[in-house]
Amino acid sequence: MRVKPLFVIISTLSLFLAVVLIYPSPPVAPSKSSDSTSAKSDIWSVQRIVEWRPCKWWLQSHLTHLIGVHEKGYSYGIEVLEGWEVGFGLALPAKSNGYIRVDCYGGLNQMRRDFCDGVGIARLLNATLVLPKFEVAAYWNESSSGFSDVFDADYFITQMNGFVNVVKELPPEISSKEPHRVDCSKRKGQFDYIEIVLPFLLKYHYVSITPAVSQRRDRYPKYAKAALCQACYRALKLTESLEKKANKLLEAIPKPFLSLHLRFEPDMVAYSQCQYSGLSPTSMKALEAARGDDRKPWTGEAARIWRNRGKCPLTPNETAFILQALSIPTNTNIYLAAGDGLMETEGLTSIYSNVVTKSALLSGEDFETMHGNTKAALDYYVSINSDSYMATYFGNMDKMVAAMRAFKGLYKTLFLSRRAFAEFTSRGLEGKPLMEALWKAHKDDFIKGRGSALSDCFCEFKL
């Protein structure tokens, strides 16, 4: 007698399941705003399979080297792997081969890159490092650009103890002389510092260099690499006054926030030799002035090939489109890490309204007295401490920021792909199909940690 109700219940459930399977629920209508909750989370929610972390050989110092003597009479290093931890201080030779000054040119992050390379070279050549000469490019309009104006020299010297000898002042017998200049900057291919620079160092005892851009750091012995890594990621600290100013700026930014390094200044666009349509008259005038006679844009098929190779800077509007494709909510707090003269900013701020800049957050008098290097230092400091970081380019600042964020264990870092955007739009993709293609391309980059750190000091860890 009790079987019948059970049979009725089972029959009813079966009928219900059949209806559900035959008539699936309609798809969720797309949200009108990216602020609304949607099925797709933002790019940061994607599970990574690779991270870049500081290499153990650098952090744990499982390395020392013996000092040998070359047949010509100078000392050099022989790597010896040890079964226990030893400090790099034990590896420093008792006698230096001379003094090296690194001459750095350009913007702050380019000079920082060259100086870090120079530290590795000094260690490679068993030289004593003199504090570098910073000479800023003319367009920065700097009145003061010394190393000690930006970085804490005493802190640097202390942190480099055991990695390379550093001095603030030269001994009297050398201080009155100018260093012998060895030009390394324009060499093509592998530049052998031991064969080319070391003889001059031994002859003159005081040389100045600018590292070759094309140098192969992977051929450095590990003790020289370790000096480079220590300099770049542990020893370079902003001066107390500059760090105080940077912290003041950091505290003023609404939290949490994305630091966005957006490059669309007139000189940057002119240098790219890319053609853009739809720019405002003001932007076109600034761009034409920056181009001059020797930076005319590519045209025709050459322009298409150039753009598809990812050579053209993203506009602020294109950047906003990619951010939306990555499901970054339009109410996200964004700190705009950018140089002076950024063009077409309305293309970003018309979609992402919570955008702040250092000029708006710092007092007018405080901001007006800053030079280019100071501003670049503030952008760098904010970016390495932001909740997330994105860049529309892969320049010196971006490489430094990405590596330092990896050093600090901050992995919400991504470079927006100019190449992917160009390739997809050249195929005629737009709207939702373009967004889906951009999502997939950037998701693959983020999952695999592409371009997220420098390979010299960081090693790939599979998760």
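1. In this note, a residue is called buried when its relative accessible area is under 20%, exposed when it is over 50%, and partly exposed in between (1.4 Å probe, protein chains only). By that criterion cysteine 229 is buried, at a relative accessible area of 0%.

2. The model is predicted: local features need pLDDT of at least 70, side-chain atom pairs count only at pLDDT 80 or more, and totals for chains, interfaces and linings use all residues. Residues are numbered from 1 along each chain as its sequence is written, and side-chain values use heavy atoms, with hydrogens and water left out.

3. The structure holds 4 disulfides (a disulfide being a pair of cysteine sulfur atoms within 2.5 Å). With the bonded cysteines of the protein numbered in sequence order, the pairing reads 1-8, 2-4, 3-7, 5-6. Cysteine 104 is in no disulfide, and the nearest cysteine sulfur, that of cysteine 116, is 8.9 Å away. Cysteine 104 is buried, with a relative accessible area of 0%.

4. The sulfur atoms of cysteine 229 and cysteine 457 are 2.1 Å apart in their disulfide, which is left-handed, with -95 degrees about the S-S bond. Cysteine 229 lies in helix H8 (residues 222-235) and cysteine 457 in the loop between helix H20 (431-448) and E14, 228 residues apart. Helices (H or I, at least four residues) and strands (E, at least two) are DSSP runs, numbered from the N terminus. Cysteine 457 is buried too, at 2% relative accessible area.

5. Cysteine 55 and cysteine 459 are joined with their sulfur atoms 2.0 Å apart. The torsion about their S-S bond is about 110 degrees, so this disulfide is right-handed. The pair links distant parts of the chain, 404 residues apart: cysteine 55 is in the loop between strand E1 (50-54) and helix H2 (56-59), and cysteine 459 is in strand E14 (residues 458-462). Cysteine 55 is buried, at 2%, whereas cysteine 459 is partly exposed, at 27%.

6. Helix H3 (residues 108-124) packs against helix H17 (residues 372-384) at an angle of about 75 degrees, with the axes 9 Å apart. Axes are lines fitted to C-alpha atoms, for helices over the stretch in contact, and angles run from 0 to 180 degrees between N-to-C directions. H3 and H17 are therefore roughly perpendicular to each other (65 to 115 degrees). The contact (heavy atoms within 4.5 Å) involves Leu108, Asn109, Met111 and Arg112 of H3, and Asn373, Ala376, Ala377 and Tyr380 of H17.

Definitions and conventions
Parallel < 35°, antiparallel > 145°, perpendicular 65-115°, else oblique.
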